[in-house]
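Colleague: I would like to learn how to read the features of a structure, one at a time. Could you take me through them, with the general idea before each case?

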Amino acid sequence: MSFMIPEKDWFKAPDKGEKSWIAIGFIWCLVLFFSMPIWHIYGKQNSSSESYRVKPEDFSARVMKFVETNSIGKDGNTPIVQPKPGGHAYVMGGGYIWYPILKLKKGNEYILHISSTDYQHGFSLQGEAGINMNFQILPGYDHVLKITPTTSGTFNIVCNEFCGARHHVMTGKILVED
Amino acid sequence: MGNENTHWLERLMENPWMLLILGIVVPTISYTVWGVYDVLSLPVAPLP
């Protein structure tokens, strides 16, 4: 028989030994629970981000204004935009491109807004020194990150969430100068 | 069932319908409803 129906009044209060194991199990749960915020603060691997609701057309209009006022050149057809140190920077995923290319100064903090105008995308920032940061980007949500580049160079952005026929060409760049 | 002297945990474990209800209600409230509330309560982006 795979299981048996126990006799009535089968429940017995835990004895001393069982209580010790319950206590050890509970304490370990607390250790694991508090290790998450502690690692978040001291591990320096998890990013703190904020999310807001935004209409894709409003975000797109803000990106166009950002490009218009801060553009310093072009890489092919894609504008290179240099935000003010400490200021807001915008990157938009849509139409199989991360737009525009950002040019940042090493050691300065920026408030980076990322959103999508069409589908769900995966913002995957990759560069030298093994940098690999990934964020889910959804249309209708402004994903806000405070970033301080600590290494100069070229950082590539790829889309790592399948988004359609030209997902494989969806790339972007962040340039960091000394 | 129904024995006043039976421990409440035993009565609960012997009641599959109550276990089914708790198994649906608890994750629905703590996961689904909380998640929907969290998404709907997001503020509008100021886009400074």
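Modeller: Gladly, and let us begin with contact, which means heavy atoms within 4.5 Å. By that rule, 17 residues of chain B are in contact with 17 residues of chain A. Please keep in mind that this is a predicted model, in which local features need pLDDT of at least 70 and side-chain atom pairs count only at pLDDT 80 or more, while totals for chains, interfaces and linings use all residues. Residues are numbered from 1 along each chain as its sequence is written, chains are lettered from A and ligands numbered from 1 in the order in which they are written, and side-chain values use heavy atoms, with hydrogens and water left out.

Colleague: How much area do chain B and chain A bury between them?

Modeller: Buried area is the accessible area (1.4 Å probe) that two parts lose on being put together, summed over both. Here chain B and chain A bury about 1,500 Å², with 60% of it on carbon and sulfur atoms. On the chain B side, Glu10(B), Leu47(B) and Pro48(B) lose the most area to chain A, together 40% of what that side buries.

Colleague: And how many salt bridges and polar contacts does the interface of chain B and chain A have?

Modeller: A salt bridge is a side-chain nitrogen of Lys or Arg within 4 Å of a carboxyl oxygen of Asp or Glu. Across this interface the rule finds zero of them. A polar contact is a pair of N or O atoms within 3.5 Å; within protein, one must be able to donate a hydrogen and the other to accept it, and residues adjacent in sequence count only if both atoms are side-chain atoms. Eleven residue pairs across the interface are in polar contact, both residues being at pLDDT 80 or more.

Colleague: Which helices of chain B supply residues to the side that touches chain A?

Modeller: Helices (H or I, at least four residues) and strands (E, at least two) are DSSP runs, numbered from the N terminus. Helix 1 (8-13) and helix 2 (16-40) of chain B each supply at least two residues to that side, and helix 1 gives the most, with three residues. Chain B has two helices and zero strands, and its C-alpha trace spans about 65 × 15 × 10 Å along the principal axes.

Colleague: Is His113(A) buried or exposed?

Modeller: Buried means under 20% relative accessible area, exposed over 50%, and partly exposed in between (1.4 Å probe, protein chains only). His113(A), at 3% relative accessibility, counts as buried. His113(A) is found in strand 7 (residues 110-116) of chain A. Its side chain makes a polar contact of 2.8 Å with that of His88(A) and another of 2.9 Å with that of Asp142(A). Leaving aside neighbours within four places in sequence, the contacts of His113(A) include Phe59(A), Tyr90(A) and, from the other chain, Pro48(B). Recall that Pro48(B) is one of the residues that lose the most area on the chain B side.

Colleague: What does Ser115(A) do with its side chain?

Modeller: Ser115(A) also lies in strand 7 of chain A and is buried, with a relative accessible area of 0%. A polar atom of the Ser115(A) side chain lies 2.8 Å from the backbone oxygen of Tyr141(A).

Colleague: Back to salt bridges: how many are there over all chains?

Modeller: The count comes to four by this rule. In one of them, Lys173(A) pairs with Asp75(A), the closest N and O atoms being 2.8 Å apart. Lys173(A) lies in strand 12 (residues 171-177) and Asp75(A) in strand 2 (residues 71-75) of chain A, so the pair ties together parts that are 98 residues apart in sequence. Lys173(A) is partly exposed at 27%, and Asp75(A) is partly exposed at 35%.

Colleague: Which residues are linked in a network of salt bridges?

Modeller: Lys103(A), Lys105(A) and Glu177(A) are linked in this way.
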